Amino acid sequence: MTEKTNENWEPKIIAFVCNWCTYAGADLAGISRLQYPPNVRLVRLPCSGRVNPFYVVKALQEGMDGVLVSGCHPGECHYISGNLSARRKFAMLKNFLSYVGIEPDRAIFTWVSASEGEKFSQVIKGVTEKVRALGPAQKLVKKL
Amino acid sequence: MENIEKQVREQAKKLLADGTVDIVVGYEKGTLPFQTIPCFITNPDDAERLVWNRFCSVNLAKYVHDIIFAHKASQVRTKPEERTKKTVGIVARGCTTRSLVIHLQEKQYDRDQVVIIGVPCTGYIANKKLSMAVNGAEITTCTVAGDALSVETKGGKRDITVNEVLADSCLTCRFNNPVISDVMIGDAAPPMPDGEKEYNAVDAFEELPIDERWAYFTKEMAKCIRCYACRNTCPSCYCKVCFVEQSQPRWVGAGIDESDTQVFQFMRMFHMVGRCVDCGSCVEVCPMGVDLRKFLKKLDKDDLQLFNHRAGESLESAPSLSVHRENDKEEFIFEP
């Protein structure tokens with residue numbers, strides 16, 4: 001493995017997205033041929049409520065530079081309230097990650113609906129820029 | 001305090017004798033001169049073993065869960081109609097009753113399976129602080145009279161005030177009287193001295209630059225030897241299979257890798273969102289003196305600020321992650 005240097009480093013971002021909104025939004029972005037950075041890897045889940053906070057922490061430990069979690073807008077969840085309970089978890093998680101000293105921009109939460117292809121590409125651009133500004137992840141990363 | 005002890009014994013004896021409870025969980029004298037250990041009494045005549053003093057430290061709610069679940073497991077091969085329920089009596093101070101409330105809210109057992117002997121609490125003496133006060137010398141005797149503590153070590157005798165060696169969680173405790181009880185003993189205890197300063201340490205830590213916070217976190221977690229004593233003593237940690245021992249998926253490696261330890265501690269603490277009653281048991285049992293409270297208290301503070309909830313404060317206030325409101329704060333949501 002080549003060493004991570006600022007010259008050849010590209011941010012590696014994992015996105016946990018909900019099947020009903022953000023994944024469809026990503027699909028729309030693709031169909032509409034909108035450009036967004038290729039640094040993101042999407043993982044499709046049934047709902048943002050399915051995202052165990054452990055996924056976020058584990059992704060950071062396994063060397064992801066940024067983690068994005070995205071679901072339906074509040075009130076529009078396919079399962080009525082999955083994203084509302086997710087929102088509580090994420091509020092606590094985001095605060096706690098930053099409290100122990102991990103940059104807040106490493107874990108980003110957002111809502112993207114199925115019709116917001118444009119917003120999806122903007123989100124990915126935004127997240128990639130934020131993570132690029134932070135540089136390679138050093139904290140919590142398991143060194144093999 | 002002797003009076004409370006006497007009444008605790010009487011109550012325990014009565015409850016056992018008339019068959020209200022099958023077992024009473026309380027504290028008894030330990031093997032060291034002043035230490036107390038949990039005890040389990042089934043015979044009314046043994047109730048005299050119970051003690052109540054400033055050295056009663058660990059949260060006993062854990063044992064109620066353990067006893068009830070061990071009993072349940074022993075009955076899996078009994079016909080359903082012949083199964084019995086175990087009723088546990090427990091000597092409980094404020095934090096212990098809050099843990100019981102959490103168990104009840106999480107539907108771990110029925111309210112009628114636990115008989116709470118509520119005792120007012122004025123804080124317990126933290127072993128680590130006591131040992132630090134005498135510079136780690138071996139303590140031969142230790143007697144408490146009111147708020148004065150006289151400690152005898154091989155090197156000599158020392159008098160200290162109780163407040164100097166009370167556990168940190170006791171000094172800022174706002175729930176030193178039981179929140180629920182079936183039998184209440186004695187009069188309500190006065191509020192603890194530093195209740196208002198509850199989140200001072202957290203506020204100060206939040207102000208530090210991010211790299212200093214990370215440096216502190218890594219320094220503290222580097223002490224951890226993964227003995228899991230914190231998890232074993234925590235009343236809110238009752239999963240049948242803990243995530244650290246789970247192998248499919250294997251969440252955290254079992255080795256000595258420092259990031260595994262950080263992830264273990266981070267996630268164990270994160271499981272305490274809206275469930276940590278700040279009883280201080282994890283800090284008390286930690287053999288390495290990891291400053292867990294600094295981090296757990298943050299979760300407590302956020303829980304109060306974001307969801308206006310305090311762990312186990314009453315049976316009616318639902319655990320914060322089990323409910324949600326449409327207008328929950330969401331400033332943290334990223335908008336491009």
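How many bridges join β7(B) to strand β8 (residues 156–161) of chain B? I looked it up and found six, with the two strands running antiparallel. For my own reference, strands (E, at least two residues) and helices (H or I, at least four) are DSSP runs numbered from the N terminus, and two strands pair if DSSP finds at least two bridges between them.

**Ground rules.** I'm working with a predicted model, where local features need pLDDT of at least 70, side-chain atom pairs count only at pLDDT 80 or more, and totals for chains, interfaces and linings use all residues. Residues are numbered from 1 along each chain as its sequence is written, while chains are lettered from A and ligands numbered from 1 in the order in which they are written.

**Entry: the β6, β7 and β8 strands of chain B.** I stayed with these strands for a bit. Leu149(B) has Ile160(B) in β8(B) as its bridge partner, and the hairpin from β7(B) to β8(B) goes through two residues. On the β6 side, strand β6 (residues 139–145) and strand β7 (residues 148–153) of chain B are antiparallel and joined by six bridges. I found Cys142(B) opposite Val151(B) in β7(B). The β6(B)–β7(B) hairpin has two residues between the strands, and Gly146(B) there takes a positive phi near 60°.

**Entry: chain A overall.** I noted four helices and four strands, in the pattern β-α-β-α-β-α-β-α along the sequence. The C-alpha trace spans about 45 × 35 × 20 Å along its principal axes. Chain A's radius of gyration is 15 Å, which agrees with the value near 15 Å for a compact globule of 144 residues; the radius is taken over C-alpha atoms, and the rule is 2.2 Å times the number of residues to the power 0.38. Buried residues are 54% of the 144 (buried: 20 or more other C-beta atoms within 10 Å of the residue's own; exposed: 12 or fewer; partly exposed: in between; C-beta atoms placed from the backbone).

**Entry: chain B overall.** Here I have twelve helices and nine strands. A compact globule of 336 residues would have a radius of gyration near 20 Å, and chain B agrees at 21 Å. I read 38% of its 336 residues as buried.

**Entry: where the chains meet.** I get 33 residues of chain B in contact with 36 residues of chain A (contact: C-beta atoms, placed from the backbone, within 7 Å). On the chain B side, α8 (210–223), α10 (258–270) and α12 (293–307) each supply at least two residues. α10(B) gives the most, with seven.

**Entry: the core.** Which residues have the most contacts inside the largest nonpolar core? Val64(B), Ile90(B) and Val91(B) do, in a core of 126 residues (a set of buried Ala, Val, Leu, Ile, Met, Phe, Trp, Tyr and Cys joined through C-beta atoms within 7 Å). Helix α3 (residues 82–100) of chain A gives the most to this core, with ten residues. I also checked what Val91(B) touches, leaving out residues up to four places away in sequence: the list includes Val8(B), Tyr27(B), Trp52(B) and Ile117(B).

**Entry: Arg111(B).** Buried or exposed, I wondered about Arg111(B)? Arg111(B) is exposed, with 12 other C-beta atoms within 10 Å. I placed Arg111(B) in the loop between α3 (94–105) and β5 (114–118) of chain B. Its C-alpha atom is 9.3 Å from that of Leu100(B), eleven residues apart along the chain.

How values were computed: Two residues are in contact if their C-beta atoms, placed from the backbone, lie within 7 Å.
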